[in-house]
Amino acid sequence: MLIITGGSFGADVARRIARGREATLRHVDEPAEETYALVARHELVLLAVWRPYIELARGIDEACFAHGRPWAAAEVSGTTLTCGPLFAPGSGKGCYNCLLARADARQRSGDRTRALRQAYAADPALGPGGHSGPMAAIAAAALAETAAGEATGRFRKIDLLTGSVLETELIPRHDCARCRPPSADYVPTSRFIDTMVPQLERILA
Ligand SMILES: [Zn+2]
């Protein structure tokens, strides 16, 4: 698997997931095009980051879709840790753009979100520094479970201040061409179910 990390949180999550498993580690600050090129050589892609990296995540989503690779992220944003969902090309269970669109639709403070994204995009060092071990342990466990592919589309949002966990499901956008393919015999679907799931089970065993 390929694990792309950002911040001490991401490094800790990657260390926990990679323990005893074969994993390629990559940092968010390394050239994005080279990171995308690595996607084709790995069966599973994980992103573990201490703050949102929206453009990078979009690029990973594109590369994974192009190569039929499943991927998932553990991302801290403010006081919320989001783990999953597993974006599985051809599953019809939603892509990263669907997730962003749903999040934007839920948030009334659209201006604040936009301002935050611009600030994050402009300053690679901006974000909440530091993390706790249990926080990384929760993220690693949730990410490993998500990546096992048993509940594609489902994900968790953990409030880091209260410890409350929201389990929810990504509903794909009706107008997302990728998630609502017009053709019923879309090949990557069967490829994911027949090939990827057993492989993921083996990788994460
Ligand atoms: Zn989509």
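Five of the five residues of strand β1 are buried, so β1 is largely enclosed by the rest of the structure. A residue counts as buried if 20 or more other C-beta atoms lie within 10 Å of its own, as exposed if 12 or fewer do, and as partly exposed in between, with C-beta atoms placed from the backbone. Strands (E, at least two residues) and helices (H or I, at least four) are DSSP runs, numbered from the N terminus.

This is a predicted model, in which local features need pLDDT of at least 70, side-chain atom pairs count only at pLDDT 80 or more, and totals for chains, interfaces and linings use all residues. Residues are numbered from 1 along each chain as its sequence is written.

**Helix α1**

β1, α1 and β2 form a right-handed β-α-β unit. Right-handed means that, with the strands pointing away from the viewer, the path from the first strand over the helix to the second runs clockwise.

Helix α1 covers residues 7–18, which is twelve residues. The distance from its first C-alpha to its last is 16 Å, close to the 16 Å expected at 1.5 Å a residue; the expected span is 1.5 Å times one less than the number of residues. Its buried residues are G7, F9, G10, D12, V13, A14 and I17. Among the elements that cover them are β1 (2–6), β2 (24–27), β3 (45–49), β4 (71–77) and α6 (133–147). After α1 comes G20, with a positive phi near 75°.

**The whole chain**

The protein chain has seven helices and seven strands. Its radius of gyration is 16 Å, close to the 17 Å that the globule rule gives for 205 residues, so the chain is as compact as a globular protein of that length. The radius is taken over C-alpha atoms, and the rule is 2.2 Å times the number of residues to the power 0.38. Along its principal axes the C-alpha trace spans about 45 × 40 × 35 Å. Of the 205 residues, 38% count as buried.

Notes:
Two residues are in contact if their C-beta atoms, placed from the backbone, lie within 7 Å.
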